Amino acid sequence: MNIHEYQGKEILKKYGVRIQEGIVADTPEEAVAAAEKLTADTGTTWFVIKAQIHAGGRGKGGGVKLAKGLDKVAGIAKDIIGMQLITKQTGPEGRKVNKVLVAQDVYYPGASEPKEYYMSVLLDRALGKNVIIYTTEGGMDIEEVAEAHPEKIHREHVDPAVGLQGFQARKIAFNLGLEGEAQKEMVKFVTALYKAYDETDSAMFEINPVLKTSDNKILAVDAKVTLDENALYRHKDFVALRDFNEEDPLEVEASQNNLNYVKLDGNVGCMVNGAGLAMATMDIIKLSGGEPANFLDVGGGANAQTVEAGFRIILKDPNVKAILINIFGGIVRCDRVANGVVEAYKKIGDIRVPIIVRLQGTNAEEGARIIDESGLQVKSATLLKDAAARVKEVLATA
Ligand code: GDP
Ligand code: MN
């Protein structure tokens, strides 16, 4: 589950990570009030106004702007709130901005130049350890750095049972070329950052840039945090951080029905039980000349209600030209699924796309008979290759 920058920074602050201070605002008036409060709290007279959407690259897309004075805040906030922000990560349609973070300007002049670094903490599945990835080349796209200067990207693996050791934190500060006060600050920063990642059960914390200010403070200017949904039961307060505006409405509806659904761009919708079979079904669709419109795993205990919810969600996608239902009757019996399909079909009514149902496993023949005798425009298939051939047929006439 992704959260906004301002929410990620609040978590970081709680764990003692120094952050660029800021206050979130929904309107230009609130933005001005936020700026005034920041001046009172931090003494800053310049501000950055930052669009809050779940996508990176906001700066380049025009979603991060510097206000050189309180009188500039309202105008900039007005421009950003409500804008359709297009970045490398939003796709061409962009994302509507509902909130801005008004933050203190931390790139103020001083004894040295401000310097940007990159740091992230995530799980290295292959090694079964956490890993801190960091580089002196901060502020830019990490993928570009990885391509152009792979040698500049460092990795520090951390055994989750032992935690981040002092020598590791010092090594990181050393590899980033830091000395004196800045080095001490970085040790504190990375130690607190790892603790935040670890204790929140997060999937990823990415801070780009980490900034060394002109007076040698180390702080998080940005925060991209992915919480682990499977750990939310241990962090009840995180549930409220979810922003449905940032999610595909069909995916939201699916999650409310306990369906594992991921929307894709293709033309053949599919409904399957089991993630592995769902992946194989998507392959079948591709081999038949179609493109999967979604991934949908209805789970082991598919019944009439789940089938209906799945149907409705798939049918809301205007790109869908055909639907392939592929169920293996293991826990669930095929006749029950077949009845569920027929029931859902009648209940929804006015389904204009061809539907192919492949049922295998317990009571498969009975299931096929129910489908065939239903009188509905549903084609049944027994073998996977029959299902593929049916998909090909219906696409040819779609
Ligand atoms: P992203 O583009 O979505 O990754 O958003 P960031 O939060 O990383 O901000 C983008 C860029 O805005 C940073 O790399 C900085 O160059 C700039 N920026 C952020 N905060 C400040 C600030 O306080 N002062 C100034 N002058 N620039 C800032
Ligand atoms: Mn960033």
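**Note on the predicted model: ligand sites and cores**

1. An oxygen atom of ligand 1 sits 2.9 Å from a polar backbone atom of valine 106. This is a predicted model, and every distance here is computed from it.

2. Arginine 58 uses its side chain: one of its N or O atoms is 2.7 Å from an oxygen atom of ligand 1. Glycine 59 uses its backbone, with an N or O atom 2.8 Å from an oxygen atom of ligand 1.

3. How much of ligand 1 does the protein bury? Taken alone, ligand 1 exposes 570 Å², and the protein buries 79% of that.

4. Now the metal. Which residues are the protein donors of the manganese ion (ligand 2)? They are Asn208, through O, and Asp222, through OD, lying 2.2 Å from the ion. Asparagine 208 belongs to strand β10 (residues 202–212), while aspartate 222 is in the loop between β11 (218–220) and β12 (224–227), so the pair ties together parts 14 residues apart in sequence.

5. Is asparagine 208 buried or exposed? Its relative accessibility is 16%, so asparagine 208 counts as buried, the cut-off being under 20%.

6. Look next at serine 214, in the loop between β10 and β11. Serine 214 has 3% relative accessibility and therefore counts as buried. Its side chain reaches the backbone oxygen of tyrosine 108 at 2.9 Å. Leaving aside residues up to four places away in sequence, serine 214 touches Tyr108, Pro109, Gly110, Ala111, Ser112 and Pro114.

7. The largest nonpolar core has 39 residues. Leu12, Met119, Ile132, Met186, Phe189 and Leu193 touch the most other members. At least two residues of this core come from each of α1 (5–14), β7 (115–124), β8 (129–135), α5 (166–175), α6 (180–199), β10, β11 and β12. Helix α6 gives the most, with 10 residues.

8. Methionine 186 deserves a look of its own. What does methionine 186 touch, not counting residues up to four places away in sequence? The list is Tyr117, Met119, Ala173, Leu176, Leu178, Val210 and Ile218.

9. There is also a second, separate core. This one has 35 residues, including Leu296, Cys334, Ala344 and Leu359.

Methods:
Residues numbered from 1 in each chain as written. Chains lettered and ligands numbered in written order. Predicted model: local features only at pLDDT ≥ 70, side-chain atom pairs only at ≥ 80, totals over all residues. Heavy atoms only, no water. Donors = N, O, S within 2.8 Å, 3.2 Å for Na, K, Ca; no water. Helix = DSSP H or I, 4+ residues; strand = E, 2+ residues; numbered from the N terminus. Buried < 20%, exposed > 50% of the residue type's maximum accessible area, 1.4 Å probe, protein only. Core = buried A, V, L, I, M, F, W, Y, C linked by side-chain atoms within 4.5 Å. Contact = heavy atoms within 4.5 Å. Polar contact = N/O pair within 3.5 Å; in protein donor to acceptor, adjacent residues only side chain to side chain. Areas by Shrake-Rupley, 256 points an atom, 1.4 Å probe, with all protein chains shown as cover.
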